Every structure is written in structure tokens, then in C-alpha cells.
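I am opening my notebook on a new structure.

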Amino acid sequence: MRTTAAYFSDQWLRVPSAVRWILCWPLLATIYVTVFPLADLAVNMVIQVALGISWQPVLLMAPVLSDIVHMAVVLPSIRFLVPSRQHFVVFGFAVIVLLATLLTLIEIWQTDRPSLPGEYSAADRLVNCLVVLAIVSWYGWRIRKTTVRQ
């Protein structure tokens, strides 16, 4: 497995930088869209089947864990696929998550209806957005710090 990963890494790094800039966007979109449902499925299967926990107690925990697994794949993919200045791409992603967080806050502010029992509410989505925002921001600062030192 290590030799296969090293082979693809070497092949990717041999591609000219301009072509890598063009190719990285569809590859990142494909990774993002593909891994999201797979991470959700994996987390739900582990929680419900392997651990035997019913859906009700983990209504808040499952989406957060799913996003953590998703970010564990997407963020290193950004670091690998984007030729340079990866922290700008990660911070751009953080801005998108921040906008989602603000929209969730606006929804909470404008909604008078309390959430139903067992419903994934706007407050739960807010917690999920804040967790993803914290992960993405931390990763962006980590990449930026590494880039500045070089």
C-alpha cells in the first residue's frame, strides 16, 4: 500500500504546477462529495450496529462524528492536491463554514417553533457548524504556521 501511495504522490508531483491548479478543483469536489455520505454511513453503522446504540441518544453526536471523519479526509486532500498556498484554500473553506454558521444563527433567531423531540434542530446544526469551523480553522493555522517557517 505504501508503494502505491508513493507512486501516485510522485506522479502527481511530476505534473506541472499550472495543470495541478486546474486539476485539483474537480478532484477536491469529487473527494468532498464522495466522502461525505461514506463518512455518514460509516459513523451510523458503527454507532447503531457495532455499538448497538439506538438513534435517539446519539442524534447530536452522529453528525458531528461524521463531519470529523469527513474533515479527516478532506483537509489532508487539500494539503496534498493544492500545489501551493494551501492555507488560503482551507481558510476559504472556513469562510464557507462560517457563512453556514451565521445562516444557522439567523434561522435560530427567526424561528419561534421549538424543535420536536428527536428532531435534529437548528441548535444541533449550530453545534455541528462550530465543530467543523474549529477543525478547519485549526488546520488552516497549522498549515499557515508551517508555510511561514519555510
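I looked up what Thr-104 touches, taking contact as heavy atoms within 4.5 Å. Leaving out residues up to four places away in sequence, Thr-104 touches Ala-122, Arg-125, Leu-126 and Cys-129. Thr-104 itself lies in helix α4. I took helices (H or I, at least four residues) and strands (E, at least two) as DSSP runs, numbered from the N terminus.

I noted the ground rules next: this is a predicted model, where local features need pLDDT of at least 70 and side-chain atom pairs count only at pLDDT 80 or more, while totals for chains, interfaces and linings use all residues. Residues are numbered from 1 along each chain as its sequence is written, and side-chain values use heavy atoms, with hydrogens and water left out.

Is Thr-104 buried or exposed? Buried means under 20% relative accessible area, exposed over 50%, and partly exposed in between (1.4 Å probe, protein chains only). Thr-104 counts as buried because its relative accessibility is 7%. Cys-129 is buried at 16%, and Cys-24 is buried at 0%. I then searched the whole structure for disulfides (a pair of cysteine sulfur atoms within 2.5 Å). The search found 0.

Next I looked at the whole protein. I found 5 helices and 0 strands. Of its 150 residues, 31% count as buried. I also took the contacts between residues at least 6 apart in sequence, and 71% of these join residues at least 24 apart.

Then I turned to a helix pair. The axes of α3 and α4 come within 9 Å and cross at roughly 145°. Axes here are lines fitted to C-alpha atoms, for helices over the stretch in contact, and angles run from 0 to 180 degrees between N-to-C directions. From α3, Met-71, Leu-75, Ile-78 and Arg-79 meet Gln-86, Val-89, Val-90 and Phe-93 of α4. I sorted this contact by class: 6 nonpolar, 1 polar and 1 charged. Ala, Val, Leu, Ile, Met, Phe, Trp, Tyr, Cys and Pro count as nonpolar, Asp, Glu, Lys and Arg as charged, and the others, Gly among them, as polar.
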